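Here is a short tour of a protein model for anyone who is new to reading structures. Keep the picture open as you read, and find each residue when it is named.

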Amino acid sequence: MRIQNLEICFVRWDEFLFGEGGCRILVSVAPENQMIWESYLQENLTDFWQKIGLVGNAENNLQILLKKGVSLINVDMGEMSDRFQNAIERRLSF
């Protein structure tokens with residue numbers, strides 16, 4: 001997944017990345033339906049929506065890029081999955 005051109009108004013990055021709130025909804029739309037979906041959003045939400053990226057596959061890195069091209073996150077999906085799947089086992093092996 002590649003998230004790009006984010007405009008972040010938060011002061012803290014951890015709040016942006018991990019904060020919970022009822023004001024965000026993330027959807028994935030098939031490329032053939034993108035124009036229809038974006039037209040619907042523009043008609044009903046005007047400036048209260050933002051396209052944030054593209055969904056790739058497991059071979060792609062998870063990337064979060066800010067508007068100025070600054071990379072906030074660029075992590076290998078396999079490595080991230082391994083850390084998640086084996087975190088408890090790793091901690092207990094010490």
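Glu-79 and Arg-83 lie four residues apart in helix α3, which spans residues 77–92, so about one helical turn separates them. Their side chains meet in a salt bridge, with 3.4 Å from N to O. Side chains of opposite charge can pair when their charged atoms come close. Glu-79 has a relative accessibility of 39%, so this residue counts as partly exposed.

How many salt bridges does a search of the whole structure find? The search finds two. Asp-82 and Arg-90 form a salt bridge in which the closest N and O atoms are 2.3 Å apart. Asp-82 is partly exposed, at 30% relative accessibility, and so is Arg-90, at 34%.

Before going further, please keep in mind that this is a predicted model. The mean pLDDT of the protein is 80, and 84% of the residues reach 70 or more. Which elements have the lowest and the highest mean pLDDT? Strand β1, residues 2–6, has the lowest at 58, while α2 has the highest at 95.

Now for the overall plan. The protein has three helices and four strands. Read from the N terminus, these elements follow the order β-α-α-β-β-β-α. The chain holds 94 residues, of which 10% count as buried. Among contacts between residues at least 6 apart in sequence, 56% join residues at least 24 apart.

Next, turn to helix α2 and look for rings. A search of the whole structure finds one aromatic pair. The ring centres of Trp-37 and Tyr-40 are 5.8 Å apart and their planes meet at 25°, so the pair counts as stacked; the cut-off for stacking is under 30 degrees. These two residues sit three residues apart in helix α2, so about one helical turn lies between them.

Trp-37 and Tyr-40 also belong to a nonpolar patch on the surface, together with Ile-25, Val-27 and Val-29. The five residues have about 500 Å² of accessible area together. Val-27 is found in the loop between α1 (13–18) and α2 (34–45).

Gln-42 has its place in helix α2. Leaving aside neighbours within four places in sequence, Gln-42 is in contact with Asp-47 and Trp-49. Thr-46 is found in the loop between α2 and β2 (53–54). Most residues other than glycine have a negative phi.

| Residue | Relative accessible area | Class |
|---|---|---|
| Val-27 | 45% | partly exposed |
| Trp-37 | 32% | partly exposed |
| Tyr-40 | 48% | partly exposed |
| Gln-42 | 39% | partly exposed |
| Thr-46 | 39% | partly exposed |

Why does Tyr-40 count as partly exposed? Its relative accessibility is 48%, and the partly exposed class lies between under 20% for buried and over 50% for exposed.

Note on methods
Residues numbered from 1 in each chain as written. Heavy atoms only, no water. Patch = residues over 30% accessible without salt bridge, like charges linked within 9 Å, V, L, I, M, F, W, Y side chains within 5 Å. Areas by Shrake-Rupley, 256 points an atom, 1.4 Å probe, with all protein chains shown as cover. Salt bridge = Lys/Arg side-chain N within 4 Å of Asp/Glu carboxyl O. Buried < 20%, exposed > 50% of the residue type's maximum accessible area, 1.4 Å probe, protein only. Contact = heavy atoms within 4.5 Å. Phe/Tyr/Trp six-rings, centres within 6.5 Å; stacked < 30°, edge-to-face > 60°. pLDDT = per-residue confidence, 0-100.
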